[in-house]
Amino acid sequence: MKKPAIAKPRLTWKLNHRKTAWAPYYRVTWTEGGKRRERAILLDWQGDAQKLDELYWACRSGRHAAQKPKVEHSWRACIIAWRSDPKVQGRLADSTKRSYRRAMDRIMEKNGDKDMRRTTKEALYRAHLAMSATPREADRMLQTVSILWGYAANSLFWPMPPNPASGIEHFGKQREYEPWPDWMIAALAEAPEDVQIAARLIRGTGQRPGAAIAMRRDQFRGEYMTVIDEKGKQELEVYCPPSLAGFVAGLPGRGDFILGKTPIEPLSYDAVERKFRAWRKGLGAKARPYTLHGLRKLAIVELAEAGASDAEIQAVTGQSAEMVAYYRKKASRKRLSKSAQQRRDRP
């Protein structure tokens, strides 16, 4: 195989161990104890000359990942350990893992290679304040920092200073998810197919969006469907209304899952949620308050309007008594307003 003709100072080419391709290396030299030392950094150029140029100049300026000093107590190391700890992962619901994953991904993107012990309360306070436009995410970030701090101290046995998130005031509980209005349900006819299917599953089963999106075909059997309580990690048998059973039966096959990525793998919540947000954006500002979670809340309202008791609603949706009571008020007000206004039109 012919050696590439690209030549730069400190750049050298070596055949791989199979002698099937040439690989570029950047030579780094230094003096230690009066002796000249040298090491080579492999540049993963993937045959792209432009990428090779970027990697080369990153080495020249000392910015290549291989040139960065290793930080023993980095955020990245802590997050990787937390995510791979079976004790931690075994006691968390999938929805909780997803919420922490998003916050941890942001931490790794901005501060992954920094020593987490050098994080100050002032810096964390300012970061929390900068996220005021998304208060739920801001508070989740503080919670995530606290969780990782405790994990580093108690499970990794790192010498940690006091938790900088302690004492920082949270924005607090935000407005509950809004049940979808009729006009938005009607607009679903123009949504991407995956969003339409996910919406029907969430609304029909009353499950959390992640659990509904990951449903298998064999969870629908006869009059009943098997739903997953993500928090309790239990499988529960719930009556399946004929309209939902007919909808599922009429969907084209995608393998084991109703929303399948492959024949043996479901679409992820994030993949469907991205399509949903893109579709919602096209509906304008009036659609902004409504999320996929709002369809689960709509299920409570619809069951309440149909005359279901609180216990019956809980049996279907798995929601807490407090949450059912909160959304029942919306259903009751809507129903009472109709009867009141109709009286005005009576002779």
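Predicted model: local features only at pLDDT ≥ 70, side-chain atom pairs only at ≥ 80, totals over all residues.

Reader: Okay, arginine 296: buried or exposed?

Author: Start with its place, which is helix H12, residues 293-305; helices here are DSSP runs (H or I, at least four residues), strands are too (E, at least two), and both are numbered from the N terminus. Setting aside neighbours within four places in sequence, arginine 296 has contacts (heavy atoms within 4.5 Å) that include Ile202, Arg208 and Thr317. On the accessibility scale, buried means under 20% relative accessible area, exposed over 50%, and partly exposed in between, with a 1.4 Å probe and protein chains only. Arginine 296 has a relative accessible area of 6%, so the label is buried.

Reader: How many aromatic pairs are there, and what geometry do tyrosine 56 and tryptophan 57 have?

Author: Rings of Phe, Tyr and Trp (its six-membered ring) pair if their centres lie within 6.5 Å; planes under 30 degrees apart are stacked, over 60 edge-to-face, and the rest tilted. By that rule the structure holds eleven aromatic pairs. For tyrosine 56 and tryptophan 57, the centres are 5.3 Å apart and the planes 85 degrees apart, which makes the pair edge-to-face.

Reader: What charged end sits over the ring of tryptophan 183?

Author: The test is NZ of Lys or CZ of Arg within 6 Å of the ring centre and within 35 degrees of the ring normal. Arginine 140 lies over the face of tyrosine 100 at 4.8 Å from the ring centre. Over tryptophan 183, at 4.5 Å from the centre, it's lysine 286.

Reader: Now salt bridges: how many, and which residues are linked in a network?

Author: With a salt bridge taken as a side-chain nitrogen of Lys or Arg within 4 Å of a carboxyl oxygen of Asp or Glu, a search of the whole structure finds 15. One of the pairs is arginine 254 with glutamate 193, at 3.6 Å, N to O. That pair links distant parts of the chain, 61 residues apart. The network is made of Glu193, Asp194, Arg254 and Lys275.

Reader: Why does the pair of glutamate 302 and arginine 203 tie together parts of the chain, and how many residues apart are they?

Author: Their side chains meet in a salt bridge at 2.6 Å, N to O. Glutamate 302 lies in helix H12 and arginine 203 in helix H8, so the pair ties together parts whose separation in sequence is 99 residues.

Reader: And aspartate 310, which residue does it form a salt bridge with?

Author: Aspartate 310 counts as partly exposed, at 31% relative accessibility. Its closest N and O atoms in the salt bridge are 2.5 Å apart, and the partner is arginine 328.

Conventions
Residues numbered from 1 in each chain as written. Heavy atoms only, no water.
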